[in-house]
Every structure is written in structure tokens, then in C-alpha cells.
Amino acid sequence: MLTLLNLLSAVALLVWGTHIVRTGIMRVYGADLRRVISRSVQRKPLAFLAGIGVTALVQSSNATTLLVTSFVSQKLMELTPALVVVLGADVGTAIMARILTYDLSWLSPLFIFIGVIFFLSRKQTRLGQIGRTSIGLGLILLALQLIVEASRPITHAAGVQVLFSSLTGDILLDALVGAVFAIVSYSSLAAVLITATLTATDVISFKVALCLVIGANFGSGLLAMINNSASNAAGKRVALGSLLFKLIGCVIILPMVNLLAQWLSRVPMSAADMVISFHVFYNLIRCVALVPFSELMARICRRLIADDVENEQQLKPKHLDHSALDTPALALVNAARETLRIGDVVEQMLLSLKKVLDGEVREERTVRRLDDDVDVLYTAIKLYLAQMPKEDLPAEESRRWAEIIDLALNLEQAGDIIERMSAEITGKSHSEHRTFSPQGIEELASMQEQLLKNLHLSLSVFISRDATTAKRLRRAKHRFRILNQRYSLAHVNRLHQQNVQSMETSSLHLGLLADMKRLNSLFCAVAYSVLEQPEEDEDRE
């Protein structure tokens, strides 16, 4: 029992080490990896090589598939080059399996020792994340050693011999076990490495090992489908294409397993090395042969998975890619892009508010619907940012995190204010057949136009974080307050002159001016976070 527990813990350590390496690489080089992928999609050979290179860095073809799927889901990449990248990822994970089988045991303590020093001393820096990656590599090498040591006693256990003896007759059953093995270990890389170890210790035969390797490749395709089950139709097509490519390989190679086992057993090479070499060449030949058929596969996937039926009545988050959460810099960019969408909706609300002022009562419903959209996007951004490990963020990214959540909250509050303003105009003015004075309408329209300009300027400051533009926004805020005071006094003067229309709408008019002042403050708040930034940097120096 203890031996089996040691083996299971070693497998878990291997999976955990792979996860740490993937997370560390994504946090340090995630933006660069995505840039490499996005720039390599024009030509199939470059896309194929990009898939190999990225997978070699993140130690997982599943991670590369998630990256590509997120690109396709956001319509930043077409399906055909995405499938080519995924084929390259399969070759990349096979190459990493080959590298990790060499005797690198002396590197394990070195990687862990150096990694811990860097990670603990520079945790919130780029160097600290490189240390995290070093720890993961050390754990992978250590796990491989533990798997070999834990597997040796198993060969002498009668129960284990009986268990694995059931995997010597049926090729399909063996392949299915390999697929389940890859899903349970959450990595075809881990499944193949363990299979090679079991073969080296004579726990399983060479023929069974070949079936397990083929099945593990197919299992990684099933795992990709599971991971992308919640994705949109475009993302599911990438996973389906990858799965079908792997299924084609299984259908072609499985009937030839007996001949391959007999032929490869004559090669003067150890059984474990032969298993790993078969894994490399199987994926290399399969993927290179299937690259020309990527466009045909894309058409098949489009037929099998129909486009999503979009609900035009409700806005949904578009840029919040959850696979980017391991790369804070990219996740923050996604959240910022989604926050800009809230700004666009608030702009539409201001335009609809102007129509309500002009007497178009039906626009009040539009304002309510748009405010619901603002609430949906704000909630999605809030929950998305809450999933980020804020305590591990560098100072700059932590400040950006705060800026995004602050602006999203301000825009959400602005939406609530505009909705209330629209309801009050409809309820107190139009329903009671009271109209603003011509001067009052002109003043409110002027304020609404200035609010639009300040909103545009605030979104520009939010994206550029330019101090000069932030100062312009701050001056615009002060000018708006002066204009607001001037119009308030002008309204009081009309009351003094006994203007009937002004007297009937006085409370509503002054309330709208006060609400517009609050809106302006919410829009312009982003300027102060940008202007405080240089001062903090100087103090730190």
C-alpha cells in the first residue's frame, strides 16, 4: 500500500511541477508567447514551429491549446492556422518527453535551490517568476526519479502482475486505458513518461506500451474538449479539430501495432528509450502529414459545430479570457478592454438621455436596458479580477489592477445615475406635461455634450496613462464645474424673473445639474490615479 501511495504521490508531483513551470512561463513570457503565436499564423510552417516552441516552454500541449483557443474565441485568429499550431504543440510535447528522459537527476536539487532563493527574495518581480519556473523544473526531474524508484517494488507484487496482465490482449482496450491515464494525470506528457518507466521495469510489455502511448495522445484530445466545454463555438472547434486529428492517427496506427512492436523490438535500444522515440516519431509523422489537411478539417469542424446564437438584447463579456489569468499582464489587458466596453455603453446611455430630454419617452426603456448591460459587464470584470492572485502582482500591475476596478465601478455608478435621471425626466416632466424652458434645454444639452467629451477623454487617459492628457482631463473637470455653477445661477435668475416653465421644472432642473456634476467627477477620477503615478516613482527612487 505504501509503495502504491509513493507512486501516486510521485505522479502528483510530476503533474504539479508541470503546472508550476507552465504558470511561471506564462506569467513571465505569456505576452511574448501570444505575440509569437499571433504573428506566426500567416504561414503554416511558421505556425507549426510556433506550436512546437511554445509547448517546449510551457511543458504542456494543453496549455498551448488553451492559448490558441482563446485567440480563436476572441476572433483574433482563424481556425485553420490555429489547428496547425495545435499540431505543432503535439510535436512539442513529444520532444519534451524525450528531453526529460535523459539522466538529469543532478539538475533537480540545483533547480529547486536556485528557484527557491529567487522566488522568496524577488517574489513579485520577473526574476521571482523565473525562480518559480526553476522550482517546477526541479520538481519534474525529482518526480521522474521517484516514479522509477516507486515502480521497482511494484514489479514483484503479484496483484500488480495480474492487473497489468489484462492489458496484453486487446489493442483497443489498451489504448482506452492510455487515454484515461492521460486524462487522470491531466497531461499526456506525464502519461507517456510513466509508461516508459513501467516498460523499463518490465511491468508492461512493449506492445502494451505502444498502445498506451497512442491512447495517451488521444486522451489529450479528449482533455482539450473537456477544458473547452464552456467555450464558445469557435473555441470548441479548435478542440474538436485537435481531437479528430488524434483520432485519425489512432485509426491508422493501431492496426499496425503488432507489426511495429515486432519490428521495433529488434532495434538495439532499451525499451524505455524506444517508447519515447516512438512517441516522438509518431507525433512528428502524424502531425506533418496532417498539416496540409488543416483547412479541410476546419471546414468539417464548422459543419459539426454551428455558430452560437447570439442574443442581441443583452450584452455579454467578450474579452475576459480565463486562460490568461496565469499571465497577469494579459489578464489586465483583457479586463481593461472590457472596461472600455462599459464606457461605450455609458456613452450610448448619455446619447439616449439627450433624446429623453428632447421628448422621446420610449428612449427611457433603452436607457434601462443599457444600464442592465453595464451591470452585467461590471459584475463579470469584478469576478474576473477577483480570480487574479493580487498578492503576487508586481507594484505596477497591482496599481493597474486598482485602476481598472476603480474605473469599472465609477462607470457602473454613472450608469445608475443616468438611468435615474432618465426615469425622473420621464416621470416628472413628460408625464405631468411640464417642459423645460428653451434656455434650460439648451443648458442641459450643452452639459450633456461636455459630459460626452470628458468621458471620451477619460477613456483615453485610462488607456494611454499619459500625464499630459490626464492634466487636460483635470482642467476639463474644473471647467465643467464652473459651467455647472453658471447654469445653476442662470436658472435661479429665471426663477427671479418669474419664468413659468423654469418654476415648474425647477427641482428637476437643479437635480439634473447636480447629477451631471457627479457624473463628471466619476468620469474624471481616472486622471488623479495617473497623475499620482510619477510622484510615487520618484519617492521610490
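## The chain as a whole

Of the 541 residues in the protein chain, 52% are buried. Buried means under 20% relative accessible area, exposed means over 50%, and partly exposed lies in between, with a 1.4 Å probe and protein chains only. This is a predicted model, in which local features need pLDDT of at least 70 and side-chain atom pairs count only at pLDDT 80 or more, while totals for chains, interfaces and linings use all residues. Residues are numbered from 1 along each chain as its sequence is written, and side-chain values use heavy atoms, with hydrogens and water left out.

The protein chain has 21 helices and zero strands. Both are DSSP runs, numbered from the N terminus: helices are H or I with at least four residues, strands are E with at least two. Now take the contacts between residues at least 6 apart in sequence. Of these, 82% join residues at least 24 apart. Contact means heavy atoms within 4.5 Å.

## Helices α8 and α10

How do α8 and α10 pack? Helix α8 covers residues 171-184, and helix α10 covers residues 206-227. Their axes are 6 Å apart, at an angle of about 50 degrees. That makes α8 oblique to α10. Axes are lines fitted to C-alpha atoms, for helices over the stretch in contact, and angles run from 0 to 180 degrees between N-to-C directions. Angles under 35 degrees count as roughly parallel, over 145 as roughly antiparallel, 65 to 115 as roughly perpendicular, and the rest as oblique.

The crossing of α8 and α10 is right-handed. A crossing is right-handed if the near helix is turned clockwise from the far one by less than a right angle, and left-handed if anticlockwise. On the α8 side, the contact residues include Ile171, Val177 and Ile183. On the α10 side, they include Leu212, Phe218 and Leu223. The residues of this contact divide into 13 nonpolar, four polar and two charged. Here Ala, Val, Leu, Ile, Met, Phe, Trp, Tyr, Cys and Pro count as nonpolar, Asp, Glu, Lys and Arg as charged, and the others, Gly among them, as polar.

## Helices α18 and α19

Helix α18 spans residues 438-464, and helix α19 spans residues 467-496. Their axes come within 10 Å and cross at roughly 165 degrees. The two helices are therefore roughly antiparallel to each other. Their crossing is left-handed. Residues of α18 in the contact include Met447, Gln450 and Leu457. Among those of α19 are Ala476, Phe480 and Tyr487. By class, the contact has 11 nonpolar, nine polar and three charged residues.

Two residues here deserve a look. Gln450 lies in α18 and is partly exposed, at 23% relative accessibility. Gln450 and Ala476 are 26 residues apart along the chain, and their C-alpha atoms are separated by 8.9 Å. Arg465 sits in the loop between α18 and α19. Arg465 has a positive phi of about 55 degrees, although it is not a glycine. Arg465 is partly exposed, with a relative accessible area of 22%.

## His279 and the cysteines

Is His279 buried or exposed? His279 counts as buried because its relative accessibility is 0%. His279 is placed in helix α13, residues 271-290. Leaving aside neighbours within four places in sequence, His279 is in contact with Thr93, Ala94, Ala97, Val192, Val213 and Asn217.

Cys287 has 0% relative accessibility, so it counts as buried. Cys524 is also at 0%, and so counts as buried. How many disulfides does a search of the whole structure find? The search finds zero. A disulfide is a pair of cysteine sulfur atoms within 2.5 Å.
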